[in-house]
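Here is a short briefing to read alongside the model. Keep the sequence and the 3D view open as you go through the points.

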Amino acid sequence: MTDSSLNAAPTPPPDQDVSHLSKVKHIVLVLSGKGGVGKSTVTTELALSLVQMGKRVGVLDVDLTGPSIPKFFGLQDHKVHQASTGWVPVYTNESKSLAVMSLGFLLQNKDDAVIWRGPKKTAMIKQFLEDVAWGELDYLLIDTPPGTSDEHLSVVENLREYKPDGAVIVTTPQAVALADVRKELNFCRKVKLPILGVVENMSGFICPHCQDCSDIFSKGGGEAMATEFGVDFLGRVPIDPNLSTLIEKEGGTFSTRFAESGIAPMFRDITSAVISKCGDSA
Amino acid sequence: MAPAKEDVPADAPEHCPGTASDQAGKADSCAGCPNQQACATAPKGPDPSIPLINERMADVRHKILVLSGKGGVGKSTFTTNLAFALSLDDAVQVGIMDIDITGPSMPKMTGLEGETIHQSNTGWSPVYVSDNLGVMSVGFMLQNPDDAVIWRGPKKNGIIKQFLKDVDWGALDYLVVDTPPGTSDEHLSAVQYLKESGITGAVLVTTPQEISLQDVRKEIGFCRKVGVPIIGVVENMAGFVCPSCKHKSEIFAPTTGGAVKMCEDVGVPFLGSIPIDPRIGKSCDLGESYLDMYPGEAAYTAYMDVIASKETNYVEGRPRVLATVDTNLAMYFHRDTIVRR
């Protein structure tokens with residue numbers, strides 16, 4: 001993709017005395033070595049739980065070639081605006097307690113492929129971290145693509161001076177996913193990013209017809225890995241077949257429907273754990 | 001007036017000398033361009049590795065990329081099963097090249113974890129699952145399987161080049177390339193290095209829900225942009241039949257019509273749907289071939305339908321893959337051209 005298929009990218013003013021991130025109290029990364037384990041889902045659910053607890057939350061999507069966050073929040077058709085202070089994130093509600101920023105908002109057509117090599121991705125992430133006018137935030141959640149490459153290094157490098165609170169690691173229970181997630185744990189150690197804990201997603205599936213639980217991607221692997229690496233296990237979330245329907249249903253958004261979903265109560269505990277790990281109180 | 005060169009990006013500053021020019025990154029007009037550094041340091045002229053890659057690839061009949069915009073939809077699972085199915089015929093030589101550098105799954109899925117690559121005077125030897133199925137992955141190069149490969153783009157490109165240039169693949173009927181999610185360095189490099197020797201096509205894997213389809217549409221855009229033919233789209237994890245009550249649940253609900261609808265909309269062939277079977281995941285974890293272990297199961301039939309068409313392919317319960325996959329591919333290409341016209 002060329003930049004011409006991005007909406008006229010607003011150029012933020014060059015000199016800023018105060019960084020936008022200095023008003024952000026806690027920065028949490030959501031990481032996983034493996035794709036499709038639910039990083040964006042967990043980011044979304046964590047953000048919505050935090051908002052329910054009265055926090056001001058920002059979500060930054062640094063998955064540049066596959067941005068899912070706009071869809072999760074039902075904001076596909078929104079655009080980013082330019083103000084004197086920088087890029088204005090997209091807000092999900094009137095009270096502006098939840099702000100979202102993603103490359104998806106900069107695409108003219110949501111199906112446009114972003115075919116970028118590393119250096120261009122790095123530049124974009126730097127801009128996302130420096131030029132978005134988040135305002136005052138209690139939490140900034142950063143959703144990442146799978147792997148341990150350009151995007152992850154850029155985020156960690158650019159955030160170093162702001163001392164991120166740490167990373168929430170998402171995995172599914174099967175061995176193939178865990179193999180990649182172990183690499184991510186080692187990545188965190190290597191770049192000295194604290195690990196807040198591990199969330200085991202897609203942990204079993206409860207058949208809506210007979211209530212029997214099938215372990216589609218096996219079970220318990222995430223917890224075992226957390227123990228092995230000496231990091232906290234934050235909790236497990238089962239597969240909820242209603243989830244994708246809730247996210248993709250027309251009318252209303254997942255933000256408003258989240259409270260009704262069966263996942264919401266389970267996520268409250270995970271969220272509380274994350275809050276206390278960040279040294280904050282609910 | 002900007003020079004009318006092919007290598008001037010559409011969004012380049014005025015008077016851009018072109019990315020392949022001697023002046024790239026050094027001309028006055030390059031000042032302030034975000035890519036100045038990249039242009040100034042990039043080697044100029046044709047890549048000297050390309051002829052070497054072409055030489056290696058001359059003996060490879062079909063190069064198939066397995067792609068998906070989204071992670072965790074089953075690219076590696078499909079790659080493994082496709083390779084296992086193709087290699088059922090002893091006369092067919094198959095290679096798997098895993099270019100997911102930061103999350104290589106192939107060693108585990110093919111049961112080769114802990115193996116290492118050997119070097120000979122003809123190059124690096126792939127690790128063999130059976131006489132006619134060789135695998136190459138970064139996973140074989142790690143001292144410890146948990147080691148993180150923390151590499152930026154250029155280093156990843158380097159290893160992909162080596163996989164193509166330095167690996168002694170021998171004569172292959174199929175080279176199946178498993179990719180990481182997205183449309184970035186690994187994909188561009190694989191396509192770029194294989195361009196001259198020719199890519200047979202790409203199989204795109206998706207799950208039925210819109211979140212995944214949205215990324216796969218981007219991948220289709222990628223294929224069209226870089227000129228890789230699309231063999232078709234496979235819909236994975238389509239529905240789950242509860243082993244206790246036999247009721248079917250849509251875990252990743254196709255709220256927008258699933259892959260079938262998307263294929264119709266964008267005009268690419270639909271190859272079929274594969275249901276969720278927990279034993280598929282288990283086989284991958286154990287490095288066994290699901291198709292060998294559970295012939296006759298619903299997902300087995302679905303896989304075989306995708307890999308080779310049903311009517312002609314079963315010979316004594318085994319698929320007669322060699323003859324039919326070729327014709328199948330030919331057929332799909334034919335369909336692809338019809339649809340595109």
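**A first look**

Lys126(A) and Glu130(A) both sit in helix α3 (residues 118-131) of chain A, four residues apart, about one turn of the helix. Helices here are DSSP runs of H or I with at least four residues, strands are E runs of at least two, and both are numbered from the N terminus. Please bear in mind that this is a predicted model, where local features need pLDDT of at least 70, side-chain atom pairs count only at pLDDT 80 or more, and totals for chains, interfaces and linings use all residues. Residues are numbered from 1 along each chain as its sequence is written, chains are lettered from A and ligands numbered from 1 in the order in which they are written, and side-chain values use heavy atoms, with hydrogens and water left out.

**Salt bridges**

- Over all chains, the structure holds 23 salt bridges, each defined as a side-chain nitrogen of Lys or Arg within 4 Å of a carboxyl oxygen of Asp or Glu.
- Lys126(A) and Glu130(A) form one of them, with the closest N and O atoms 3.6 Å apart.
- Lys126(A) is partly exposed at 39% relative accessibility, and Glu130(A) is partly exposed at 39% as well. Buried means under 20% relative accessible area, exposed over 50%, and partly exposed in between (1.4 Å probe, protein chains only).
- In chain B, Asp173(B) forms a salt bridge with Arg61(B), and the closest N and O atoms are 2.7 Å apart. Asp173(B) belongs to strand β7 (residues 172-178) of chain B and Arg61(B) to strand β1 (residues 60-67) of chain B, so this pair ties together parts that are 112 residues apart in sequence.
- Asp173(B) is buried at 13% relative accessible area, whereas Arg61(B) is partly exposed at 46%.
- Lys165(B) and Asp166(B) also meet through their side chains in a salt bridge (3.6 Å, N to O); Lys165(B) is partly exposed, with a relative accessible area of 22%.
- A network of salt bridges links Asp111(A), Glu210(B) and Arg217(B).

- Lys71(A) lies in helix α2 (residues 69-72) of chain A.
- Not counting residues up to four places away in sequence, Lys71(A) touches Gln76(A), Ile247(A) and Glu248(A), together with Glu210(B), Ile211(B) and Gln214(B). Contact means heavy atoms within 4.5 Å.

**The sheet of chain A**

- Eight strands of chain A make an open sheet with mixed pairing, in the order β5-β6-β2-β7-β1-β8-β9-β12. At its edges stand β5 (90-91) and β12 (233-236) of chain A, each with a single partner strand, so one side of each is left without a neighbour in the sheet. Two strands pair if DSSP finds at least two bridges between them.
- β5(A) pairs with strand β6 (residues 98-102) of chain A in the antiparallel sense over two bridges, and Tyr91(A) has Ala99(A) as its bridge partner in β6(A).

**Annotated sites**

- In chain A, the UniProt annotation "binding site" (unreviewed entry) covers residues including Val37(A) and Ser40(A). UniProt positions are given in the numbering used here, feature names are shortened, and annotations may be inferred rather than shown by experiment.
- Val37(A) is in the loop between β1 and α1 of chain A and is buried at 2% relative accessible area.
- Ser40(A) is in helix α1 of chain A and is buried at 14%. Leaving aside neighbours within four places in sequence, Ser40(A) contacts Ser68(A), Ile69(A), Phe72(A) and Asp143(A).
- In chain B, UniProt lists Cys16(B), Cys30(B), Cys33(B) and Cys39(B) for "binding site" (unreviewed entry).
- Cys16(B) is buried at 11% relative accessibility, and Cys30(B) is buried at 8%.
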